[in-house]
Amino acid sequence: MSRGRARRPVPGSGTRAGALEVLLLLASAVLLAACPAAAVEAEAGDEEAVDYGAALSKSLLYFEAQRSGRLPHNQRVPWRGHSGLTDGLQQGVDLVGGYYDAGDHVKFGLPMAFTVTMLSWGAIDFADDVAAAGEWGHALEAIKWGTDYFVKAHTEPFVYWAEVGDGDTDHYCWQRPEDMTTSRQAYRIDKDSPGSDLAGETAAALAAASIVFRRSNPHYSHLLLHHAQQLFEFGDRYRGTYDSSIEEVRSYYASVSGYRDELLWAALWLHRATGRDEYLRYAVDKADSFGGVGWAMTEFSWDVKYAGVQVLAAKLLLEGDPGAQEHGAVLEKYKAKAEHYLCACLGRNGGNGSDDVERSPGGMLYVRQWNNLQYVSSAAFLLTAYSRYLGGGLLRCPAGAPAAPSDLLALARSQADYILGRNPLRLSYMVGYGRRYPVRVHHRGASIVAHKANSRFIGCMQGFDDWFGRGRPNPNVLAGAIVGGPNSRDEFRDERENYMQTEACTYNTAPMVAVFARLHRLARDGGPAGGVPERNDAR
C-alpha cells in the first residue's frame, strides 16, 4: 500500500526522507535482491517493432481511466464509472471532476496541474504531429478535463482548492472509485494559508492550455487565461509553500523545491500566452534571487521545474522572440543552465560524471529508485522539444563533440523505446502495449472487478482481503499507464504491493504524449530529426 510518491529532491542535494520512507526503501531493496525480476530476458531476435502511434493512442486513453466525476457518454474505458460525485459538498463548493493522480483516489492539485501543463506544452509544440496521428480531439479532451476542474477549484481570486481526499485514510482502504467510503475532505489555500507553488503551477497549466484552445474555442481560452493571471497574482502576492498550509499533503507531494521555480514557470507561460513584457521581465528580474539561473539541474519533475523554466527561456533566444534582445544577457544565463541539463542527459558534462544523469546497464536514464520513469519521460520531452528549438544549430557540451538536434532526438527515442520494451527484460512499461507488460499494476480500480460487471459493494478492507493480495493479474487493463519502472540495474518485480515500481502516475504518461506523436510522425514520413517547428493550430 503506497504511502508516498516519487522522491522530492532538494535542488543540488540528496533526497529528504522520513524514517518510515527509509525503511520502505530498504525493505524494497532487500526484496529486489531476494526475488528474481518479473520477466526473464528474451533473445535479442525476439525484439518487437516499436509502434509509436499505438503508444500515443494508449497514452491518451489512460487519462480517461484516471477521471474523477461524472463520466461522459463518449468515455472509452468501459470498466470505469462515475465517482466522487459529492466532492466539495461539505465545503459548499463544486469540486466534482479532475483526475486521480495514480492508483488511489485523492485529487492532489500540484501533480494534476503539472500533468496538464505538460499535456498542453506538447499540444502547443507538436500539434501537427498529434493531429497527423488522429489524436488531436483526444488530446484536447484530456487537457480540458483538467482545466475544467481548475476553473471550478478557483472559487475566488485568492482562494484555490488544493486537494480532495486524505492520503492517509485513502491508503487504509482498497476500493474501486465507484465504491469510495473514504474521507472526501477538501483543503484550500488562501491569503492566510498561502500556496505559491500550487497557485503558480496551476497558473502555468491554465496559461499553456489557453494557447491550445485559442483558435478552436477562443471564449474558453480567454476564461483560462483570466484564471491563470489571477492565480499568478495570488501566488506572487501571498507567498508560501502549500505544504506549509496543508499538513495532509506533506507525506505525499511535499514541495521540497519551494515555490520560486513555479512562479518563474508561471511567468514564462503567461508571457508565452499573452506576449506581455511584464511577465518576461518578472522572470528576468528574479532570475538570480529565485534560482532560475543558479541551479544546474539533472532532473525535471512535478516538484522541480527549473529545467523546464530554463528551456522555455532558452527558446526565446533560439527562436528570436522580440523580447529576447532586450533581456539577452539574462536569457543567455538561463540557456546555459538549460543546456547543462540536456548535456547531463547526454552524458557530456565532463568532470567525474557527477554532473551527468546516470544510466542503467540497459541505457535507461536513472535518477532515483521510486518511480524513476517519471524522470525518463520528462527528460525525453525536453530533449524532443529542444531538438526543434535548436533549428539548424548545435548544442555544445563541456565534453564530447557538439550535439546536433538529431542527437537529442535519438536519446529521446532510446528512452521511449526502453519504456516500450526495448530493454533487458523485453518488457513494456506501458500497460497494454506490446506482448508483455505489467499485469499487477498497483491501482485500485484496475485490480478489482469492474463495477459495471459486478455492482455489489466492495468495502474498505474487503478489497484488501479479496483483491489486493491475490497474485493473479488485474481484471482490468490500465491501458497507456506508464508504471514506476525498473531500478538502476534494470530489475523489476511485477507485484501489486511493489508500488515503487508498479504504480503508474499521470505525470509519467503526460510528457510522452508529445514524444510519441513526434516519433510517430517522423517514422511515418521519414522526416528530419530536428529542425524548425511547423505551424500549428494551437499557436
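1. S447 sits in helix α17; helices here are DSSP runs of H or I with at least four residues, strands are runs of E with at least two, and both are numbered from the N terminus. With a relative accessible area of 0%, S447 is buried, where buried means under 20% relative accessible area, exposed over 50%, and partly exposed in between (1.4 Å probe, protein chains only). Please keep in mind that this is a predicted model, in which local features need pLDDT of at least 70 and side-chain atom pairs count only at pLDDT 80 or more, while totals for chains, interfaces and linings use all residues. Residues are numbered from 1 along each chain as its sequence is written, and side-chain values use heavy atoms, with hydrogens and water left out.

2. The side chain of S447 has two backbone oxygens to look at. A polar atom of that side chain lies 3.0 Å from the backbone oxygen of H443, and the side chain also reaches the backbone oxygen of R444 at 3.1 Å. Both are polar contacts, that is, pairs of N or O atoms within 3.5 Å; within protein, one must be able to donate a hydrogen and the other to accept it, and residues adjacent in sequence count only if both atoms are side-chain atoms. Leaving aside neighbours within four places in sequence, S447 is in contact (heavy atoms within 4.5 Å) with W174, W467, N474, P475 and R496.

3. The UniProt annotation "active site", from an unreviewed entry, covers H442; UniProt positions are given in the numbering used here, feature names are shortened, and annotations may be inferred rather than shown by experiment. H442 lies in the loop between α16 (405-419) and α17 (444-447). Because its relative accessibility is 1%, H442 counts as buried.

4. Now the overall numbers. The protein has 20 helices and five strands. Of its 539 residues, 62% count as buried. Among contacts between residues at least 6 apart in sequence, 77% join residues at least 24 apart. The protein exposes about 18800 Å², with carbon and sulfur atoms supplying 51% of it; these areas come from the Shrake-Rupley method with a 1.4 Å probe, and for residues only the protein chains shown count as cover.

5. On the strand side, three strands form an open antiparallel sheet in the order β1-β2-β3. Its edge strands, each pairing on one side only, are β1 (107-108) and β3 (186-189). Two strands pair if DSSP finds at least two bridges between them. Four bridges join β2 (residues 160-164) to β3, and the two run antiparallel. One place to check this is Y160, whose bridge partner in β3 is I189.

6. Helix α2 (residues 52-65) has 14 residues and reaches 20 Å from its first C-alpha to its last, close to the 20 Å expected at 1.5 Å a residue; the expected span is 1.5 Å times one less than the number of residues. At its start, a side-chain oxygen of D51 reaches to within 3.2 Å of the backbone nitrogen of G53. The helix is mostly covered, with 10 of its 14 residues buried, among them Y52, L56, L60 and F63. What covers the buried residues of α2 includes α3 (109-125), α5 (136-153), α16 and α20 (506-525).

7. Past α2, G69 lies in the loop between α2 and β1. G69 is buried, with a relative accessible area of 1%. Not counting residues up to four places away in sequence, G69 touches H82, S83, L85, V96 and G97. G69 and E178 are 109 residues apart in sequence, yet 9.7 Å apart in space, C-alpha to C-alpha.

8. Helix α11 (residues 260-274) has 15 residues and reaches 21 Å from its first C-alpha to its last, close to the 21 Å expected at 1.5 Å a residue. Since 13 of its 15 residues are buried, α11 is largely enclosed by the rest of the structure. G275 follows α11 with a positive phi, near 75°.

9. Two residues other than glycine deserve a backbone check. N371 has a positive phi, near 55°; N371 is found in the loop between β5 (365-366) and α15 (373-389) and is buried at a relative accessible area of 3%. D490 has a positive phi near 65°; D490 is found in the loop between α18 (460-468) and α19 (499-502) and counts as buried at 4% relative accessibility.
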